Amino acid sequence: MNIYKLLSGVAAVCLLIALYLAFTGSLPSAGPFFIAFFLSLAISFRGYEKLKGFTYTTVIFAAVTTALYYPQHFLTVGEFKLSTLITPLIQIIMFGMGTSMSFGDFVGVVKMPKGVLIGVVSHFIIMPTIGYTLANISGFPPEIAAGIILIGCSPNGMASNVISYLAKANLALSITITAISTMLAPLVTPVLMSLLAGAFVQIDTLHMMWDIIKMVIIPIGAGLVFNKLFSGKVKWLDAAMPLVSMGGIAFIIVIITAAGRDSLLSIGPALLLLVLIHNLSGYTLGYWSGRLFRMSERDCRTIAIEVGMQNGGLASGIAKEMGKMATVGLAPAIFGPLMNITGSILASWWQGKPTGDEETYVETGRAH
């Protein structure tokens, strides 16, 4: 019996104990068992090829559970507020994003103008509109509702590129849409927020523009230059940046969870449901916006993923800079891990389905 099967068994036992304690009125005592369940499950996933991709997200669940049960450990260390680290962490993550990009990623606009235009415009129309609608019907306190709009107004996340690759979508198109939407974020996100979220929370548009430039444009620009000058020469950095990014995002989610614990415990399930609807609606409407403009199956998959997946880390950073991390930051903190689960499932489903590009080539007489 290998270690991974053993850990699957440990996870099952921990879950049963945790559920027993929860249902017999000893929920506080169930905490360590829920945490042990997620950690054991995460490590056991490493032993199964099809489940490996869920390891990171399961670790996030373990971290979030820890933050919900023991929030005091994730707010301050002595006199130092851990929330102070959120902005620098996002800058490091964005620098990492820049080092994995090249100036050639932006050339895709010239090569695939139709796909890029449909992808970027669909993204900034569909997700903010759904976010605004859900915020209005949610009945949540204004600042928490504003967080749903904020995640909708954010640019694409880098995770969308990985999911596009796994889903046999158009990776080049995915990377270009992500790059362009991210560069447009300092202008588009604050304007959309002031238009859609202004009734829920006060928005300082110019201040938000500077925050996004500081968190996104400058670090990505530095990463692009670094990549141009040192590409392949600093191999330890290439290997370290994905791990640093994953660790940074996990840390940000934990800090926000701890800060917004009371709100999460009261509206958590409802917020989770709305965030899930937001995410799945993005995939669905994104796919059909591609179909509407007669894009190939590969391009439709790409646009679905690019529309449905958001940069939750950046949205969390904006919420922190607004001074509303524990309220506006809650929806982004939930959206990030959730989209990785739904995206992985969608990619697995599409992986086994042909894109039909051969037929497209025959019908149109040209490659897309």
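1. Is K81 buried or exposed? This is a predicted model, and in it K81 is exposed, at a relative accessible area of 54%. The cut-off for that word is over 50%, so K81 qualifies with its 54%.

2. K81 sits in strand β2, which covers residues 80-81. Leaving aside residues up to four places away in sequence, K81 touches L75 and T76.

3. On salt bridges, the structure holds seven. One of them pairs K324 with E143, with the closest N and O atoms 3.0 Å apart. K324 belongs to the loop between α14 (312-321) and α15 (330-351), whereas E143 belongs to helix α7 (residues 142-153), so this pair ties together parts that lie 181 residues apart in sequence. Both partners are partly exposed: K324 has a relative accessible area of 23%, and E143 has 27% relative accessibility.

4. K214 and E321 form another salt bridge, where the closest N and O atoms are 3.5 Å apart. This pair links distant parts of the chain, since K214 is in helix α10 and E321 is in helix α14, 107 residues apart. K214 is partly exposed, with a relative accessible area of 22%.

5. The salt bridge between the side chains of R301 and E297 has an N to O distance of 2.9 Å. Both residues are in helix α13 (residues 297-308); they are four residues apart, and therefore separated by about one helical turn. R301 counts as buried at 1% relative accessibility, and E297 is buried as well, with a relative accessible area of 12%.

6. Which residues make the nonpolar surface patch of about 370 Å²? The patch is formed by F103, V225, L229 and F230. Of these, L229 is placed in helix α10, which runs over residues 205-230. Helix α10 also holds K214, the partner of E321 in helix α14.

7. The K324 and E143 pair connects a loop with helix α7, while R301 and E297 both lie within helix α13.

Technical notes
Residues numbered from 1 in each chain as written. Predicted model: local features only at pLDDT ≥ 70, side-chain atom pairs only at ≥ 80, totals over all residues. Heavy atoms only, no water. Patch = residues over 30% accessible without salt bridge, like charges linked within 9 Å, V, L, I, M, F, W, Y side chains within 5 Å. Areas by Shrake-Rupley, 256 points an atom, 1.4 Å probe, with all protein chains shown as cover. Salt bridge = Lys/Arg side-chain N within 4 Å of Asp/Glu carboxyl O. Helix = DSSP H or I, 4+ residues; strand = E, 2+ residues; numbered from the N terminus. Buried < 20%, exposed > 50% of the residue type's maximum accessible area, 1.4 Å probe, protein only. Contact = heavy atoms within 4.5 Å.
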